[in-house]
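This report describes the pairing of aromatic rings and the placing of charges over rings. Please consult the sequence and structure shown below.

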Amino acid sequence: MGAHDLWLLSPQLAMAALACTALVVDLATGRSKLVLWLSLIGLVIPAALSIALWAANPADTLVFFGAASVDRFSLFFTLLFTGVAAAVIVSAEKYASRFQEQRGEFVGLILASTTGMMLLASANELITIYVSLELTALPVAALLAFLREDRSAEAGMKFLILSGVSSALLLYGLVFIFGFTGTTRLDEIFARIGDLQASGGFDSTVPFGSYGLLLGIALAISGFAFKLAAAPFQMWVPDAYEGGPTPVVAFLSVASKAAGFAVVLRILYSAFGSPELAVEWSALFAVLAVVTMTLGNLMALPQKNVKRLLGYSTISQAGFMLIGLAAVSANTSAGSLVAGPQSVVFYLAGYAFTNLAVFLGVIAITNRTNDNTIAGFAGMGRRAPVTALLLAIGLISLLGLPPTVGFMSKIFVFNAAVNSGLAWLALAGVLNSVISAYYYLRVIRAMYMEAPTSDERITLDPSLGVATGIAAFGAVLFGVAPWFLLRAAEIAVRSLSGVAGS
Amino acid sequence: MNLENVLLVSAVIFGIGLFGVLTRRNVIVVLMSIELMFNAVNLAAIAFARFTVPYSLAGGPVSVTSDAVRQVLTGQAFAVFVIGVAAAEVTLGLALAMAIFRRRETVEVTDLTTARG
């Protein structure tokens, strides 16, 4: 512990300091515009520190006695979260007129939650994981309740209650894992499970080798499902999405989901990466993937509210990502162990661009119309041509058509599934993609084929337009030329101890 | 007094909490039930730390004293962190309940149905 630890943890520390600065500046000056731009510029610091750390690639990545591991995997996500936070803050600039007085707090809470996510992506120890998880969830619950509407407070309450129940389940699972292995550090858990397997302490007739571990892992995974917006904890999503402020919902669906997948990937590979266990949880995730995709898709079909529709869409997208989690080690040829997590990380990064384009487009339009129904988007192709185009690009990428990143993500995920002997799972994924075409195209059809309800033009706000443009550009760029992102995802995943070791 | 008994009590408390969350209609009582689940977890964490034979004593390659001490302390630290975070969670929950009550004069979960598909 010393200067080296502080240097490794500097992106997280900078983000925490930025969150505090935003709150203090807001309190001292009361000029929320200043806070907004100050924190946007301030976000450069954690981003620059992450890039510097990625380039330096220190040999010893463990921080504070192994509580966190700042490797390239966590730095990849750190950069992703910083970018998402910047986009969300930009999008809140105009939207925030609805909560004028608390704009400074809004920025502070977003940054606090981002700090939690950055810690979550690097946490290497069960207690740290739990505390960071709550640091991401609690500010979001407050943010969801930010609008002065009934639905908003309701969204915050539902989110908080379900977050509480899921983290209680998660904790119960973590405590059993701790009780079974006697340690909370992921690398030590891995070592002790290895010792137990070697000494014949595992019962091969029981899943995961013992009932203690079975209970621990099953409870922990169902707790994490809340973060991922996956079955069996997906029911909070539509209500929270419909009621909450749209920028917060965008933050929730992109950053929060990525943080959940980051921590699940790290736990699975660093602590439970041994082949005997991997077969078991792979089967578990295969089932969860099918249930999540199908449930999200079928529920999305009859929706009339765009935000609610995107809520169900985010559930089904989580299902596609779960396919990548299931795709491990059935064939333990050298490449296939990287392919699964690599496809998940690539999917998450692509999904960040895609979904931000969609949400920022929705914000740009609904800021003016104040109408979240699909009917309210009628004729937007004429009323707001640029925004509608960017929004359509995002929707096509969510659907997974070329030349967008959504297409590439699905190819890589399905490919990883087929290579690890889960062809049926890939098939289920393809079928679900076809179903999802119905509701994504419905929004596009409303924008381009239906007559507008009024002739008033909707101009695109410059800062919001730039953010939406970057997101949509990324969604197309990484669809045409995915190699850079794919390579970064591979480097990130290879720095996870369980992946590189085997 | 052994590990199984304490874990059984913990599981019963956890079950009561979960049952409360699923069946109670008042938001305040739901928050209390969540608190019950957290405390069941605390009980289990401390029991594991106290009763499981430390790995080193079972023949593991780690020095006996420091590892045994660390395991006991880890379980207790776990509980302390859970207590702290649970307090924050309940504070936020009560604040939201107040916000809802001011508007609606009710904190019944069954009345929270504005968001519908």
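## Charges over rings

Over the ring of which residue does the charged end of K410(A) sit? The model is predicted, and in it the charged end of K410(A) lies over the ring of F320(A), at 4.3 Å from the ring centre.

## A stacked pair joining two chains

A pair of aromatic rings is described by the distance between the centres and the angle between the planes. Over all chains, the count comes to 18 aromatic pairs. One of them is formed by Y172(A) and F14(B): the ring centres are 4.2 Å apart and the planes stand at 10°, so the pair is stacked, given that planes under 30 degrees apart count as stacked. Because Y172(A) belongs to helix α8 (residues 150-181) of chain A and F14(B) to helix α1 (residues 3-23) of chain B, this pair joins two chains.

Both partners are buried: Y172(A) has a relative accessible area of 6%, and F14(B) has a relative accessibility of 6%.

Elsewhere in chain A, ring pairs link F73(A), F76(A), F77(A) and F81(A) into a cluster.

Technical notes: Residues numbered from 1 in each chain as written. Chains lettered and ligands numbered in written order. Predicted model: local features only at pLDDT ≥ 70, side-chain atom pairs only at ≥ 80, totals over all residues. Heavy atoms only, no water. Phe/Tyr/Trp six-rings, centres within 6.5 Å; stacked < 30°, edge-to-face > 60°. Helix = DSSP H or I, 4+ residues; strand = E, 2+ residues; numbered from the N terminus. Buried < 20%, exposed > 50% of the residue type's maximum accessible area, 1.4 Å probe, protein only. Lys NZ or Arg CZ within 6 Å of the ring centre and 35° of its normal.
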